[in-house]
Amino acid sequence: MTEAAIEKENKQIARQYKELLRISYRSLSDEDKKLIRKAFDISVEAHKDQRRKSGEAYIFHPIAVAKIVASEIGLDATSIAAALLHDVVEDTKYTLEEIQEMFGETVAKIVDGLTKISSLKKDKDVSLQAENFRKMLLTLNDDVRVIIIKIADRLHNMQTMDVMRPDKQEKIASETLYIYAPLAHRIGLYNIKTELEDLGLKYTEPEVYKDIHTKIKESKEEQDAYIKEFSRVIEDSLNQEELEYEIKGRPKSIYSINRKMKAQNVSFDEVYDKFAIRIIYNSDPANEKFLAWKIYSIVTDHFRPNPTRLRDWISSPKSTGYEALHITVMGPKGRWVEVQIRSSRMNEIAEKGYAAHYKYKQGDVQEDHGIEEWLNKLQEALENPDVNAVDFVEQFKLNLYSKEIFVFTPQGDLKSLPKSSTPLDFAFSIHTEIGLKTRGARVNNKLVPLSHELKSGDQVEIITSENAKPNINWLDYATTARARAKIKSSLKEEKKEIAEEGKAILARKLKAQKIPFNEKSVNELVVFFNLKTSLDLFYRVGIGKIDNQKLKEFANSRSNALVSYIKRKIKKPVIAEDLNKDEITTRYDQLVFGRDEDETLEYKLANCCNPIPGDKVFGFVTVNDGIKVHKKDCPNALQLQSNYAYRIIPAKWIDSSQQDFKAVIKLTGLDNVGLVSEVTQEISSNLNVNMKKINFESLDGVFNGRITLVVKNNSILNKIIDRLKKINGIDKVSRE
Ligand code: MN
């Protein structure tokens, strides 16, 4: 480096140091400043020959960590000094004894704790990784500040990870998501937790991160306009009460949007609570709670609240000390929006966690031992000698991430998956090729079926084989959208391939029957076999379902009177959109019984009239021979019906792929005038479905509905659900 460059760097270091003092959340005494200065000087001296991967002087890292500790977390001078020194013993010639001599026991103990954590062997074994975590927590015995500074250290490392190798980035990011983010959450450092999660996602799933990041940016303008509109409505009333307040939007983090998209299998646009509205007001301590409810009252005067979504964290704060009033209201444009009402003190606690708590309680003599009390409380919660390390991490995570699981690859890398994922989901999350070639799976070294539900902490190994390929059953085992999409497209691909072969076979076989292979004959065949498309025809020839015998029947039919029979059976085409194209079915392939046409029973066809699929029929319960099925115009029908009416059961030929099925959907929403009629109208007039049962209940302005529908298939059902969701006032629609 040139002398000028060095001088420039030194100036920058000095500037950073000054800023550190300036941004400290706590006011620093002269003695505090002296301590920090001394720590700074030693750290600069100790790291002077070290550079970070990015090329900058190493000292920038401890300063940055100290800044996070001082400003974002708001810890004391001892912590700031320890943060400046946190890598000194591990990376430089200085010993712990020297640190103790220079800075005293407290700083030395914290630095010791931090050194121990970083020197723990980064083993890939599951239990070891969890054990390390436990050890890290146990250093809390010495000083809780160890863990907080460690979190700050991790945050800065995550912020500056761009220069690292991708495999290292992924490993560190997974560890952050698995250990540090939940820990930050537990300690009440919400902002840091959110940043750790977003950065974690950025490096574990870069594309997902980028995608959501871009979409958030694109929707920013709309969001601002929305908040403005919301504010406009309540501003006058708030001002009338002479409240000092600020209204702002609080966007949901990229990580939580992604989690929601995955857990509920919805798109970005379908995540309805992408941001909350925050009202922060000033108040003296005595009126704090009263004012919160006053604001609540004003908000709900203008916007209808959802009473099931009221959270009063003021009367009973969270264990982390979080206080606020949360309410979900029907905001402008008929959209649900969460409103968080907090005083500026509550807001500080929410952002800084305990440090702010401590600051506000300092004046109170009884609460003077706040930090110790907090430490004890944390200690109690975190330390339990009866639980082994893995269980401990599991328990710990269970409460925080109940919709997500973390599993390990055989190499010890962490993967996050939605809850109730299976080995197939895991395989496809590793790589599509691995997913497609999955033959089996081992979980924690034991063979498991592909339908096995994975749990957090499982180590999953996929057994692949060149010959393995997806089959239709896989769709029952795969839950993630990614795996399902890949399986479906592979199945479709396979069907096409078989159809390709079938086409060649068919051409050959027709030639043998002296029938030309052309569009006309193919169409005739499709009609003859009651199929939908030529692809279905070729596929069935390919898998051998349409064999020589059947083709012979066709050949005969062409040359005799049966032709007229075929013509009779040509039905008007079915609307393609409503059919599941994957399904291979013959029309009228199933006989159903009963008034509701929903029972499948054992039966025999009567010899007297020989009914064939499609005929109008009825079932007759015989004494010794089960159910016999007769044509309605069977010569014996009249006699049977008049003498044994009680033994007749209705029967009907159906197309099983077109069979109606019953589905129950549940709705919740606000009990607007006309909502019920809008719902029923949407179902009965807009879409061709039957409503069997309908039941609405209304309680305190919120209604719950249960509707039993009869529909042809899932895609129609999903369409109805989508349309119902769009009705103003509807909150949730789901299948029971
Ligand atoms: Mn460090």
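The dialogue below takes up salt bridges, aromatic pairs, backbone angles and surface charge in turn.

Modeller: This is a predicted model, in which local features need pLDDT of at least 70 and side-chain atom pairs count only at pLDDT 80 or more, while totals for chains, interfaces and linings use all residues. Residues are numbered from 1 along each chain as its sequence is written, and side-chain values use heavy atoms, with hydrogens and water left out.

Biologist: Are Lys-150 and Asp-153 buried or exposed?

Modeller: Both Lys-150 and Asp-153 are buried. Buried means under 20% relative accessible area, exposed over 50%, and partly exposed in between (1.4 Å probe, protein chains only).

Biologist: Which parts of the chain does the salt bridge of Glu-461 with Arg-442 tie together?

Modeller: The closest N and O atoms of Glu-461 and Arg-442 are 3.2 Å apart. Glu-461 is in strand E11 (residues 460–464) and Arg-442 in strand E9 (residues 438–443), so the pair ties together parts that are 19 residues apart in sequence. Glu-461 is partly exposed, at 29% relative accessible area, and Arg-442 is partly exposed at 29%.

Biologist: How many aromatic pairs does the search find?

Modeller: Rings of Phe, Tyr and Trp (its six-membered ring) pair if their centres lie within 6.5 Å; planes under 30 degrees apart count as stacked, over 60 as edge-to-face and the rest as tilted. The whole structure holds nine aromatic pairs. For Tyr-226 and Phe-275 the ring centres are 5.8 Å apart and the planes stand at 75°, so this pair is edge-to-face. The pair links distant parts of the chain, with Tyr-226 in helix H12 (residues 220–240) and Phe-275 in strand E2 (residues 275–281), 49 residues apart. Tyr-226 is buried at 1% relative accessibility, and Phe-275 is buried at 12%. Phe-517 and Phe-538 form a tilted pair, 6.4 Å centre to centre with 45° between the planes.

Biologist: What is the phi of Glu-242, and where does this residue lie?

Modeller: Most residues other than glycine have a negative phi. Glu-242, although not a glycine, has a positive phi of about 55°. Glu-242 is in the loop between H12 and strand E1 (245–251), and its relative accessibility of 72% counts as exposed. Lys-333 also has a positive phi, near 60°, and lies in the loop between strand E5 (325–330) and strand E6 (336–343).

Biologist: Which residues gather in a patch of negative charge on the surface?

Modeller: Lys and Arg count as positive and Asp and Glu as negative; His and the chain ends are not counted. A patch is made of residues with over 30% relative accessible area and no salt bridge, like charges being joined within 9 Å and nonpolar side chains (Val, Leu, Ile, Met, Phe, Trp, Tyr) within 5 Å. Here Glu-493, Glu-497, Glu-500 and Glu-501 gather in such a negative patch. Glu-501 belongs to helix H22 (residues 481–512) and is exposed at 52% relative accessible area.

Notes. Accessible areas come from the Shrake-Rupley method with a 1.4 Å probe; for residues, only the protein chains shown count as cover. A salt bridge is a side-chain nitrogen of Lys or Arg within 4 Å of a carboxyl oxygen of Asp or Glu. The place of a charge is taken as NZ of Lys, CZ of Arg, CG of Asp or CD of Glu. Helices (H or I, at least four residues) and strands (E, at least two) are DSSP runs, numbered from the N terminus.
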